[in-house]
Amino acid sequence: MDKRDGDPDIRGAVRDEGPDSARRREVILTAGRLFREHGYERTTVRELAKAVGLQSGSLFHHFRSKEEILVAVMDNGIQEVLDHGRQALARYAAPADRLAALFRVHMWSMLHGAGGDAMNALVYEWRSLSAQSQRGVKVLSDLYEGMWQETVAAAVYAGLLAGDARVIKRCVLGSMNLTVQWYRPGGRLAPDAFIEAMLQACLPALPAGAGKWPLAGALP
């Protein structure tokens, strides 16, 4: 995939870990948390800058606008599951392992990584984006959904799942994504147990223990 100006991969996830990129990543992660706790509209640039130890104007060394920060929060979460999903699919060959690993990648990101804050922003703050920004985020989202579509279709072809692969994909992704509305880590199920319970509920036909994730050395 070409990496051009405006490509959502460049706008969102941070790959260069130089001083500027490290600070940019800190802003993205902190913004995701604050937008989730207080809402995008109610989180001011001043509050965000203070939370990362910057002056308000200094934020615009890294971002051109508050909306661009919101886009980066969304893109960063999607890029995380894309990157880890590719690692997981490269590790496994069997359709059951590939689907289970992709499921665990998504849920791990939702509970331990950038995915939870990103999905919260996608669910609740989508209308705060301009049409142009929405199109940019959708390009990256479509890449990720394409990964899922191929993996689910392979599981259907192998006889592991029965039904329409597109419907299955949307049902499974929708179930995982909406956990941002109701799951609380301090509740009855700890995060890792919750991931296994979700996998069993959403894809009960997969064999127990399929597609373990994360793997040693796979995550930073």
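Author: In this predicted model, helix 4, residues 66-91, packs with helix 7, residues 131-157, at an angle of about 15°, and their axes are 10 Å apart. An angle under 35 degrees counts as roughly parallel, and helix 4 and helix 7 are therefore roughly parallel to each other. Their crossing is left-handed. On the side of helix 4, the contact is made by Glu67, Val71, Met74, Asp75, Ile78, Gln79, Val81, Leu82, Gly85, Arg86 and Leu89. Helix 7 contributes Ser133, Val137, Leu140, Ser141, Leu143, Tyr144, Met147 and Thr151. By class, the residues of this contact of helix 4 with helix 7 are 11 nonpolar, five polar and three charged.

Helix 7 also packs with helix 8. Here the angle is about 120° and the axes are 9 Å apart. That angle makes helix 7 oblique to helix 8, and the crossing is right-handed. From helix 7, the residues that meet helix 8 are Tyr144, Glu145, Trp148, Gln149, Val152, Ala153 and Val156. Their partners in helix 8 are Ala165, Arg166, Ile168, Lys169, Arg170, Val172, Leu173 and Met176. This contact of helix 7 with helix 8 comprises 10 nonpolar residues, one polar residue and four charged residues. Tyr144 of helix 7 takes part in the contact with helix 4 and also in the contact with helix 8.

From helix 8 the account passes to helix 5. The axes of helix 5, residues 95-112, and helix 8, residues 165-177, come within 10 Å and cross at roughly 20°. This makes helix 5 roughly parallel to helix 8, and their crossing is right-handed. Phe103, His106, Met107 and Met110 of helix 5 meet Val172, Leu173, Met176 and Asn177 of helix 8. Six nonpolar and two polar residues form this contact of helix 5 with helix 8, and no charged residues take part.

Leaving aside residues up to four places away in sequence, cysteine 202 touches Phe103, Val172 and Ser175. Cysteine 202 and serine 175 are 27 residues apart in sequence, and their C-alpha atoms are 7.7 Å apart in space. The relative accessible area of cysteine 202 is 21%, so this residue is partly exposed. Helix 9 covers residues 191-202, and proline 214 lies in the segment after helix 9. The peptide bond from tryptophan 213 to proline 214 is cis, with omega near 0°. In general, most peptide bonds are trans.

Phenylalanine 60 lies in the loop between helix 3, residues 45-51, and helix 4. With residues up to four places away in sequence not counted, phenylalanine 60 touches Val45, Ser65 and Lys66. The C-alpha atoms of phenylalanine 60 and valine 45 are separated by 9.8 Å, and the two residues are 15 residues apart along the chain. Phenylalanine 60 counts as partly exposed because its relative accessibility is 40%.

Leucine 48 lies in helix 3. Its relative accessibility is 3%, so leucine 48 counts as buried. Residues up to four places away in sequence again being left out, leucine 48 touches Val27, Thr30, Ala31, Leu34, Leu59 and Ile69. Leucine 48 and valine 27 are 21 residues apart in sequence, with a C-alpha to C-alpha distance of 7.7 Å.

These places may now be set within the whole chain. Its secondary structure comes to nine helices and zero strands, and 46% of its 220 residues count as buried. Among contacts in the chain with a separation of 6 or more, 71% are between residues 24 or more positions apart. The accessible surface of the chain comes to about 11,400 Å², and 52% of this surface belongs to carbon and sulfur atoms.

Conventions
Residues are numbered from 1 along each chain as its sequence is written. This is a predicted model: local features need pLDDT of at least 70, side-chain atom pairs count only at pLDDT 80 or more; totals for chains, interfaces and linings use all residues. Side-chain values use heavy atoms; hydrogens and water are left out. Axes are lines fitted to C-alpha atoms, for helices over the stretch in contact, and angles run from 0 to 180 degrees between N-to-C directions. Helices (H or I, at least four residues) and strands (E, at least two) are DSSP runs, numbered from the N terminus. Angles under 35 degrees count as roughly parallel, over 145 as roughly antiparallel, 65 to 115 as roughly perpendicular and the rest as oblique. A crossing is left-handed if the near helix is turned anticlockwise from the far one by less than a right angle, and right-handed if clockwise. Contact means heavy atoms within 4.5 Å. Ala, Val, Leu, Ile, Met, Phe, Trp, Tyr, Cys and Pro count as nonpolar, Asp, Glu, Lys and Arg as charged, and the others, Gly among them, as polar. Buried means under 20% relative accessible area, exposed over 50%, partly exposed in between (1.4 Å probe, protein chains only). Accessible areas come from the Shrake-Rupley method with a 1.4 Å probe; for residues, only the protein chains shown count as cover.
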